[in-house]
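Biologist: I would like to learn how to read a few features in a structure like this. Can we go through them one at a time?

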Amino acid sequence: MTQYSLILTEQRGRVGLITLNRPEALNALSDTMGREILAAARAFDADPGVGAIVITGSSRAFAAGADIKEMASKSSVDMYLADWFSAWDELARVRTPLIAAVAGHALGGGCELAMIADFIIAAENAKFGQPEIKLGVIPGMGGSQRLTRAIGKAKAMEMVLTGRVMGALEAEAAGLVARVVPIDALLEEAMETAATIASMSKPVAMIAKEAVNAAFESTLAEGVRHERRGIFACFATEDQKEGMAAFTEKRPANFKHR
Ligand code: CAA
């Protein structure tokens, strides 16, 4: 497996695990770290032996944002020419289901990275926020768009305009996170959830992910058409035949593509 400098990767069964590993900076997301996360996620995505990916940080910080020290002296033109943050757009294009297991600070780019994942499982100590305004900037990795879609205008606007941080329970009530679990159980819960997804047909899980994501990109009618094309495509897979045969034969499905 490729060696990275700021992240750790491992595969457990059919689950790929990416651990942000820059504790001295609370996992601040430098440009290098972004590229490493993208490379690792793409490698897992391309591996038919991986059916789901988990991304996590430490118990103190999932990630405390984009690397402020790296960005501080950059000019607008520097950022524009380098297309700063573009690796994150690519990460959103990874097709394998991606779960963020979040403990501690998920601020700025950290909150945005968690929202790029397909869903978030949070530890009780997780804190979410978009404090960029306090630095004289605004979110740059999709936060103003994904947070608003996740929790609605009122709360998103308040958080983006004031930098207020939201605790795990409020984030769950607001619909930002799927589930809150005790911190000691976080990784295990996320890995188990990922293993459940990875036990399904990978192409069908990819089609399902694409269909849910279509809800954020389209009108209802277009989204429903997208879904319909997706379910028709499922009927072209051996796994649909196997899944439905297993149901009628009252046995567990043995999907070919998992
Ligand atoms: N970038 C660079 N370094 C960071 C960092 C960041 N986003 N967040 C923390 N660090 C560094 C600190 O500078 C510190 O390093 P030194 O020991 O060398 O001084 C180390 O991590 C530990 O941090 P603290 O001493 O500050 O730890 P704390 O427990 O007192 O506070 C915190 C924790 C509240 C998260 C605080 O570190 C903090 O406010 N961090 C910045 C949060 C932030 O503003 N994030 C948004 C960044 S901008 C962005 O993300 C843009 C975008 O949308 C893409």
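Biologist: Where is L26 placed?

Modeller: L26 sits in the loop between β2 (15–20) and α1. Keep in mind that this is a predicted model.

Biologist: What should I look for in the backbone there?

Modeller: Start with the general idea. Most residues other than glycine have a negative phi. Now the case here. L26 is not a glycine, yet its phi is positive, about 50°.

Biologist: Which loop holds F85, and what is its phi?

Modeller: F85 is found in the loop between α3 (76–82) and α4. Its phi is positive too, at about 80°, and F85 is not a glycine either.

Biologist: What else does F85 take part in?

Modeller: The lining of the largest cavity. That lining has 14 residues. F85 is among those nearest the cavity centre, together with S30, D31, W84 and W88.

Biologist: How many cavities of 30 Å³ or more does the structure hold, and how much space lies in the largest?

Modeller: The structure holds one cavity of 30 Å³ or more. The space in the largest cavity is about 90 Å³.

Biologist: Which elements supply its lining?

Modeller: α1 (31–46), α2 and α4 (86–91) each give at least two residues to the lining of the largest cavity. By class, the lining has seven nonpolar, three polar and four charged residues.

Biologist: Now the ligand. How many residues surround it, and which are closest?

Modeller: The shell has 23 residues. A66, K69, G109, E112 and E132 are the closest. Twelve residues of the shell are nonpolar, five are polar and six are charged.

Biologist: How do I read the polar contacts?

Modeller: Look for pairs of N or O atoms within 3.5 Å. Take A66 to begin with. One of its backbone N or O atoms lies 2.9 Å from a ligand oxygen. For K69, a side-chain N or O atom is 2.9 Å from an oxygen atom of the ligand. For E132, the distance from a side-chain N or O atom to a ligand oxygen is 2.5 Å.

Biologist: How much of the ligand does the protein bury?

Modeller: Taken alone, the ligand exposes 980 Å², and the protein buries 64% of that.

Biologist: Which elements give two or more residues to the shell?

Modeller: They are α2 (68–71), β6 (105–107) and α5 (109–116). Note α2 again: this helix also supplies at least two residues of the cavity lining.

Technical notes
Residues are numbered from 1 along each chain as its sequence is written. This is a predicted model: local features need pLDDT of at least 70, side-chain atom pairs count only at pLDDT 80 or more; totals for chains, interfaces and linings use all residues. Side-chain values use heavy atoms; hydrogens and water are left out. A residue is near a molecule or strand if one of its heavy atoms lies within 4 Å of it. A polar contact is a pair of N or O atoms within 3.5 Å; within protein, one must be able to donate a hydrogen and the other to accept it, and residues adjacent in sequence count only if both atoms are side-chain atoms. Accessible areas come from the Shrake-Rupley method with a 1.4 Å probe; for residues, only the protein chains shown count as cover. Helices (H or I, at least four residues) and strands (E, at least two) are DSSP runs, numbered from the N terminus. Ala, Val, Leu, Ile, Met, Phe, Trp, Tyr, Cys and Pro count as nonpolar, Asp, Glu, Lys and Arg as charged, and the others, Gly among them, as polar. On a 1 Å grid over the protein atoms alone, a cavity is a set of points where a 1.4 Å probe fits but cannot get out, and a pocket is an open set with protein on both sides within 12 Å along at least five of seven lines; lining residues have an atom within 4 Å of a point. Grid points are joined across faces, edges and corners, and a volume is the space filled by probe spheres set on the points.
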